[in-house]
Structures are given as structure tokens and as C-alpha cells.
Amino acid sequence: MLLLRTSSSSDAAVNTPQPEGETMTSPAPVPTRKEIQITGIRRHVAECVTSVKDGPCGARSNSWDSALHLDVWIRAHADEYEHKKFVKRTEEPVNVYTKPTQGRQ
Ligand SMILES: [Zn+2]
């Protein structure tokens, strides 16, 4: 019956501010909604933030679909440059869809 569940896939934890359930009774406060849909796999990347002369080093690793490679890259970079401060990031490609609310089915 409900054909509006097109946005969030269940396998990935998305920041969906919309409450769960009771979507039938509460009308949307805005005429259109932007749906953010993950379009690819999560990637892991490491970045060196060690302070050097001109600011942070800023060296970035490649991005992998596994976090295991990050430690390898960090160790190699730390060995080569004697840098000690890093951050690990995850990146997900997403698309934004503007969904009109008129087509309630
Ligand atoms: Zn560095």
C-alpha cells in the first residue's frame, strides 16, 4: 500500500531526521522534501593533520572500502615523515532528490 518508501536503504545508517511511523497522519511541513540517497559504497580515507611549517601536512591516503588499509598507510606515512597525528574519515557518495509531496498514493 505505502509506496513512498523510496529513500533510505536499510543497510546503511543514514541521518534521516524524519520520525519513524505515523507518516500517514502528519502532513509534511514543507511543500517539497529533499531526499538524500546513498549511491555508492562507503569509503575509508586517512589524512595526516600533523603540524608542519606551513600548517597541517594534509597528506591523504587513497580511499578504500575497508578501514584496514588506513593503518597501513598511516604507519608508512609516519615512518617516512615522522608525522604522528592523523584523522580517519569515511566518505559516502550521495545524491539529493527533490520529492514533490503532491503525488500521494
Ligand atoms: Zn604527514
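# A guided look at the zinc site and helix 1

Visitor: What makes the arrangement around the zinc ion tetrahedral?

Guide: The four donor atoms subtend angles of 104 to 115°, and four donors count as tetrahedral if all angles lie between 85 and 135 degrees, so the arrangement is tetrahedral. Keep in mind that this is a predicted model, where local features need pLDDT of at least 70 and side-chain atom pairs count only at pLDDT 80 or more, while totals for chains, interfaces and linings use all residues. Residues are numbered from 1 along each chain as its sequence is written, and side-chain values use heavy atoms, leaving out hydrogens and water.

Visitor: Which residues are the protein donors of the zinc ion, and how far from it do they lie?

Guide: They are C48 (SG), C57 (SG), H77 (NE2) and H83 (ND1), at 2.0 to 2.4 Å. Donors are N, O and S atoms within 2.8 Å of the metal (3.2 Å for Na, K and Ca); water is not among the atoms, so sites may look incomplete. Along the sequence, the spacing of the donor residues is C-x8-C-x19-H-x5-H.

Visitor: Why can C48 and H83 be said to tie parts of the chain together?

Guide: C48 lies in strand 2 (residues 43-48) and H83 in the loop between helix 1 (68-81) and strand 5 (86-91), so the pair joins parts that are 35 residues apart in sequence. Helices (H or I, at least four residues) and strands (E, at least two) are DSSP runs, numbered from the N terminus. Both C48 and H83 are buried.

Visitor: Why is T50 called buried?

Guide: Buried means under 20% relative accessible area, exposed over 50%, and partly exposed in between (1.4 Å probe, protein chains only). T50 has a relative accessible area of 11%, so T50 is buried. The residue sits in the loop between strand 2 and strand 3 (51-52). Leaving aside neighbours within four places in sequence, T50 is in contact (heavy atoms within 4.5 Å) with G55, P56, C57, H83, K84 and K85.

Visitor: And what makes E82 exposed?

Guide: E82 has a relative accessible area of 64%, and exposed means over 50%, so E82 is exposed. E82 is found in the loop between helix 1 and strand 5. Its phi is positive, about 60°, although E82 is not a glycine. Most residues other than glycine have a negative phi.

Visitor: How do you know that the span of helix 1 is close to the expected one?

Guide: The expected span of a helix is 1.5 Å times one less than its number of residues. Helix 1 has 14 residues and reaches 21 Å from its first C-alpha to its last, close to the 20 Å expected.

Visitor: Where is F86, and what does F86 touch?

Guide: F86 is in strand 5. Not counting residues up to four places away in sequence, F86 touches E47, C48, V49, W73, I74, H77 and A78.

Terms used:
Tetrahedral: all angles 85-135°; square planar, octahedral: opposite > 155°, others 65-115°.
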